[in-house]
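Let's take a friendly walk through this structure together. Have the chains open in your viewer, and we will stop at a few places along the way.

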Amino acid sequence: MAFVELPEWAALAPVLILAGTALALFVFDSVNPHSTNRAVLAGTSAVGSLAALGVAVWFTAAGVGAPGMDGFGVIELFDGQIVVDQMALFFIIVVTVVTALVVVASYDYMEGHAYQAEYYSLVMLAATGMATMATANSLVTIFIALELASLPSYALVAILKDNRGSVEAGLKYFLLGALSSAIFVYGISLVYGATGFLQLDAIAAELEALAAGDGGDFGGLLGLGILMLIGGFAFKTASVPFHFWAPEAYEGAPAPISAFLSSASKAAGFVIAFRVFTTAFPVDVTGQLIGVDWTLAFVILAVVTMTVGNFAAATQENVKRMLAYSSIGHAGYVLIGLAGLGAGSELVMGAAMMHLLVYGFMNTGAFLFVGLAEHWGVGRTFEDYNGLSRQAPIACAALAVFMFSLAGVPPFGGFWSKYFLFTGALEAGLLVVAVALVVNSALSLYYYARLVKAVWIEDPIVERDGLTQPTGLYAAIVVAAVMTVVLLPGFGPIADAALEAAAVVIA
Amino acid sequence: MEGLFDYAPAIALFPLVAFVVALAFGNSLPKKGAIPGILATGGSLLLSIAMLAAVASGEVYHETLYEWAIGDAVSDTGVDGVEFTFGILIDPLSALMLVIVSLIAFLVHVFSLGYMNAEGETGLPRYYAGLGLFTFSMLAFVYADNLLMAFMFFELVGLCSFLLIGFWFRTRSAPSAAKKAFLVTRFGDYFFLIGVVAIAATFGTLQFAGDDSFVAAAETAIADGTTLFGFAPETWVTITGLLVLGGVVGKSAQFPLHTWLPDAMEGPTTVSALIHAATMVAAGVYLVARMFGYYALSPTALAIIAFVGGFTALFAATMGVVKDDIKQVLAYSTISQYGYMMLGLGVGGYVAGVFHLMNHAFFKALLFLGAGSVIVLMHHEQDMWKMGGLKEKAPVTYWTFLAGALALAGIIPFSGFWSKDEILYDALIVGLEEPIILAAYAMGLVAVFFTGFYTFRMVFLTFHGEPRSEAAEDPHPVGWSIKAPLIVLGVLALVAGVANLAPVAKLAQLDITFLESWLDGEFGAIEGLTYGAYGELLAYETSYIGTESTTVLIAAGVSLLLAFSGAGVAWTLYNVPEPVEHKERLGSIGKTVEDNYYQDEYQVWLAEGLTLPLSRAADRFDQTVVDGVVNGVSTASLFGSDRMKRLQTGIVTNYAALLVTGFIALLLVLGILGGWF
Amino acid sequence: MMIETLIAVALIGALVTFVAPNRIAGKLAFLISLVPAGLSLWMFATFDGRGNALLEGDLAFESRLEWIQLGAYDISWFVGLDGISMPLVVLTTILVTLAIVSSWTPIDDRESQFYGLVLFIEANLIGVFAALDFFVWFIFWEAVLIPMYLLIGIWGGPRRKYAAIKFFVYTNVASLVMFGAVIALVFGLGDAVTSFALPEITAAMLDGGPDGFFGVAGPTLASAVFVATFVGFAVKVPVVPFHTWLPDAHVEAPTPASVLLAGVLLKMGTYALLRFNFTMFPTEIVEPFVVPIAVVAVISVIYGAMLALAQTDLKRIVAYSSVSSMGYVILGLIAYTHFGVGGATFQMVSHGLISGLMFMAVGVIYNATHTRMVTDMSGMADRMPIAVGIFVAGSFGYMGLPLMSGFAAEYFIFFGSFGADFPYAPVFTALAMFGIVVVAGYLLYAMQRAIFGPYSLETDYEVSRAPLHDVAPMFVLLGLIIVLGVAPELIFEMIHDAVDPIVDGGEL
Amino acid sequence: MTVPIEYYVLLSMALFCIGLFGILTRRNALMFLMSVELMLNAANINLIAFAFYHGNLTGQVFALFTMALAAAEVAVGLGIILVLYRNFRDVDVTVPTTMRW
């Protein structure tokens, strides 16, 4: 096909498009600062992210990074510092989807805000960082990409400079982020010390050698290093015990940013985790060296994370905070994907990837509904949401879709991924995790249903007059909802893509 | 004649049509649905008589008409596949019963014109619909050719009884009585249903007649000594037989399930006459007669039937003695009379039992209708102490009622005498061999005295002496529609005995026992369903006091003597201008008897004193314990959630600390497992 | 594609109704629901399925196409009907139509949403009975929860929120347990199965069964899974002691929801029990559990009836009596005889009709009196003879009056289980049969207090005769009940045909 | 003159722990930042030492990246601390606790 003439670096096109958009926005900002031309700004970023999305989808369909005769094989750039494979594209798709939704929604949400251009360019920069994380194949690139994603995020969280909540959120996010990245870097240094390499495949090769040989004298060091790396990922994915920033950050940040962080940033965190632990630290070899199977760490993290997240969410009064905790809980679900790697089957990790994609729609949508509520100014607690369905049935129907999908109740996309995770856990023989999953999803059912109850069942405590229908927010929410529903019948391709991608990296 | 039987289904279907018509259009019809009822029952009567004639001419009819449900099931005797069907069995017994039922139903319909319509009752369509449905069910039950069909219509007549007892539902007592009637009989039917299921599961068939009948199957099983459900065949037959008997005891108001019948008098008197005297209550006894072959296989069952019958006969008769409500007296006498029939069947007196069933149907219907007309006369007063002196004012009612009374009391030559005497005679000759039967006979005999007594107490209090209320002074006149049925039944009560003058036959060596030969299939019958066939199955020894004829004379003499003495005592006590109560003479016994030996009390206690509190306790248990666990779980998790979120103190330094702690904990776990330190 | 059409019509209808204006929603939903009803009746008439869907047998209206490839297993859209599911589908479509009509009076707020949800339930219920792939089946099975949650929650009574969430969470947890168990089973079966199609799983189970998983031996795994699935379904049925969500849900739910809940949703549980526990599992696995289950069944019958006896709320009475009736179904299922299993299936349909009728009647009385407490009313027969007459008829149907479907069902079950081969079968049967006395007890007791006697009413409402569209559905149901009672062969024949392979496959 | 690698590691670990200690004890945001810097530099020591030990430059190069990113982080951090001060009139990190539980 026509594609083959393109040079190899073109495989990075999605990332480059995102970066380009970010720069374009900077240019625009410097040309006429303090511009509040939301249409242009939001439009540009939307177009950029959608373009990136389109390209990524096209690549996936065309078989970039897919081995075999119909594919082009995994494309490695800069001697393997960057790799473009199915998993990379998959997560680029997740990131770009979320970005697109967020920027469209921000069109209304950020109305009348002073720093329009900055906002959008930061979003695009963070997106670039996340997309890069998806492709990063060396601890160096991973770290850089991570920071590229993190630094704008700190700023974005705190962008409502006169809003104490936003600032507090930014502070907490930043401080814990700095701490975690310090730990992360230290972990990198230890791994480097133990192996002498930072490029993932090289590390793996070295470990093979060590395992084959005397086993090296850095077992403990390596183990500690791996653990610290896990810490870094745990921070990005808001997993216990590195989750403490999440509730405040999501609650304090502007709703679209919360959506952005809780969906895209989480996905990015997971992709690097997947990449590092599948490529650099093969279970058996590493196990020999550090004397313990690192999946155990993820088993523990998964159980603890989902439990903490769901239990803390159950009795929240503030909707946004409930969603924040629920997103911690979902991090716990996805962690099963890593915990189950021991079984050597791609099913469980594939399920995790599927979940992140679906989550990109349903969770973003949920946070955007909160954004809509903040736009309406109805308040933040469950009580404030009471009876919204009478004024805004469509948005509330969408909310119900998001909630039930998050709870994993059919007929919505969330059902597949969650139950595939359950299936994967069972396949990997993680009985404990499966049980925890049952308990937690029962509880999650309770609080998700509680929100549905608030908007659909309860009667409003205050009389409100009709609510506006901001185009951007509504568009984003409806699209997200429609996608969440469509993903039930149309789950086949996604499952195939995810499983294929997982199979590639695991092999 | 063949073609005639094709109309057999119509016998039952006519009343069904009447039911539908009355229910649907009753309100817009003249007489509120009485007319269709009368026409339908009349039609049934004619057809039944035609059937009777057909059977007399030697025809019988046994046809499966409809397959209700078919399926594979391996019965305990190895029969593969089972069919539950509806079919018609017309043999001497059922033909006779058809005529009885349709005749009385017809008369009651006619009587109702005078009794219900004339009184301007509301809800008459409901009443006639009920009657129609009842007649349909009863007739269908009568010629059912298998046990399941019999059970179904057995239940349906129970429903009709419920609906008609509760006809005056706006009162408090009627619904209560209706409920009691249905519940008590339902309790019996519970055992009946187990019996049906058991028999079906055992023999794979429920047919009454023919080679594939469960009776035949049971015979062969006993012959081969096949183990049935882990029991010896005789035992199992006894068990199943007794289970079915449960339904009989309930429906025929035998002890201890007799308590519903007196309350059932809450219904209109016509209903009492039709359902609670002549027909539905007879269903139980009829069922025993219908499957007599089965019981004949089990002496134990028969003995129990006989004893229960004898006991009930006496037990109920004593209670009838002290009642003041004319309908109550009749109710207890009904219970008692059915006791006689059970006794008769129990001792193998198949003919005697059926004979009494027929006679009783006539004279008890007569008495109830008579009582009904009395009640009309008395402006709906039922207390006999408020009556008296109606003899002159209502001659027709009086003479017909008297005929019924004489029959009931068993005074020669009225019909009741012949049948009751035959029962007692059969009981005696068996009893001379079997002590337990002798006991039953003794009770039956004593009951004769009480019967005579309460019957004439009733007659004298009602019709003789001086009027004891202004209602009795100038009674409300009654119309032809009331008189006509009384006359018909009165004649029958007088002459029906001719059907089977057994004592005469035995003494004079004449062959005039028509009923016996009728039931013995001399005119035609289905093989195996004859008196003779049953006789062969029966295991009873019989013997006589001296010769047969002496025994006959002794038996007849004794019972007559007792009947007359009972009547005589009543004469002396109550046939006076101003009769007075004599209960106090009985003292504490009288109290007990008046309270029906506290039968109702303990049964009510079982329901309301035991079951209801038990259920309330179960409810409390359910609410607190079972549901408590469920709610407890949710409470616990929400509490846990409340604690869990306290982790998030809001102070970022704590977060750092917790973060590091958590990390170190993880480090320790893995480190120790991996031996890093 | 018939089944797809049914589901599609219901789904699209749901959407259309959801956005339709409130005042026409009711009539619109009724018209829409006529389509599936008519179609399913036509399917019933032209039904040509043979044998059992999971065992040897060719299905009616079968269709199958690939959906998702999950590793070694493929999930496919696989639907079809056999003699067991066909009657249940018809029951569903008819009950939904009638429920819609019966809600014209009571539902006076947010009608379009209400009727939309009802049609949505219909789609899922049809799916549950038609699906033959585990995942497809599970999707419909779970999707029923959402509309029912909302129906109870939005249009329910005073404690509706508690009841709704209790129903939602309780039954969902049960489904999760059951799901996990089945998945474990599938993995346990190893290479024997390559899809989640129920027939394939069944086949694999019946020859050889699972070869161990989680390090437990195959038989142990199978037994564990049997228990887990049984519990999972027992909640839905519900079987004592998992029944406590039912009375709350019933009492709070609006009449039409109660009708569907008792009429069809409970049948999902028994249907699943029949399909999974008593069809998939080979006899040697089931055998040790038969007697315990029999005990549970008898307890459900008697205990449920006792609870009903203690109630004063008409709806609670009917709700608890459902627990009792479902006990009969369980008894019939474990009998493993044609009449036992067939009767159980027949009872599903029959109880669906009768309990539906009862809830409608109670609803009509409630519409007029605004109370359901038997203690608050007396002599209702005086004011609303027709509605009350139907209530009485329905009650007698519940009591198993001959020539009504209830009797046929119960008789089949009793006959089937009496002759069954498990230990003490006759004793268990006799014990369970005592339910027919207690049921008569509490229904007659309630009638005596609420319906008969002199007229009086605590709530000061002017009681008038019920409008035609309230009464008409009940007449239809009553007619069906009597028809099935007089001619059970109408459906028992096909049920029997579908039950054959189960029983012959596993004569205990 | 070669110092065994262990010493470097011990040094860096000590530095790391000092930084951690600072984070856990100091409430002033700036102190917090500085402690983070210490930790990062502990990592740098490792990287360089190991680069020397393994004889490849990867570590040293990465150390440069680290410094750069540390600088960027500080920049963002200072910005946030600025707005923190503007809103809370304080740079004590334990003050902002409007969101908890």
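This is a predicted model: local features need pLDDT of at least 70, side-chain atom pairs count only at pLDDT 80 or more; totals for chains, interfaces and linings use all residues.

Let's begin where chain A touches chain C. The contact draws on 30 residues of chain A and 28 residues of chain C. On the chain A side, helix H18 (413–427), helix H19 (431–457) and helix H21 (491–506) each supply at least two residues. The largest share of that side, 11 residues, belongs to H19(A). Sorted by class, the side of chain A that touches chain C consists of 22 nonpolar, five polar and three charged residues.

Now turn to chain C itself and find helix H6 (residues 145–155) and helix H7 (residues 160–189). The axes of these two helices lie 8 Å apart, and the helices pack at an angle of about 165°. Because angles over 145 degrees count as roughly antiparallel, H6(C) is roughly antiparallel to H7(C). The crossing of H6(C) past H7(C) is right-handed.

Strand S1 (residues 61–74) and strand S2 (residues 80–90) of chain B pair in the antiparallel sense, over 10 bridges. Five residues sit between the two strands of the hairpin, and in the turn Gly78(B) has a positive phi of about 90°. Further along, chain B is divided into domain 1 (299–589), domain 2 (595–644) and domain 3 (647–677). Taken over C-alpha atoms, the centres of domain 1 and domain 2 of chain B are separated by 50 Å.

In chain A, the peptide bond from Val240(A) to Pro241(A) is cis, with omega near -5°. Pro241(A) lies in the loop between helix H8 (219–236) and helix H9 (245–252) of chain A. Ala238(A) is also found in the loop between H8 and H9 of chain A, and Ala238(A) has a positive phi of about 55° although it is not a glycine. In chain C, the peptide bond from Val240(C) to Pro241(C) is cis, with omega near 5°. Pro241(C) lies in the loop between helix H9 (218–236) and helix H10 (245–252) of chain C.

Methods. Residues are numbered from 1 along each chain as its sequence is written. Chains are lettered from A and ligands numbered from 1 in the order in which they are written. Two residues are in contact if their C-beta atoms, placed from the backbone, lie within 7 Å. Helices (H or I, at least four residues) and strands (E, at least two) are DSSP runs, numbered from the N terminus. Ala, Val, Leu, Ile, Met, Phe, Trp, Tyr, Cys and Pro count as nonpolar, Asp, Glu, Lys and Arg as charged, and the others, Gly among them, as polar. Domain bounds come from an automatic or database domain assignment. Axes are lines fitted to C-alpha atoms, for helices over the stretch in contact, and angles run from 0 to 180 degrees between N-to-C directions. Angles under 35 degrees count as roughly parallel, over 145 as roughly antiparallel, 65 to 115 as roughly perpendicular and the rest as oblique. A crossing is left-handed if the near helix is turned anticlockwise from the far one by less than a right angle, and right-handed if clockwise. Two strands pair if DSSP finds at least two bridges between them.
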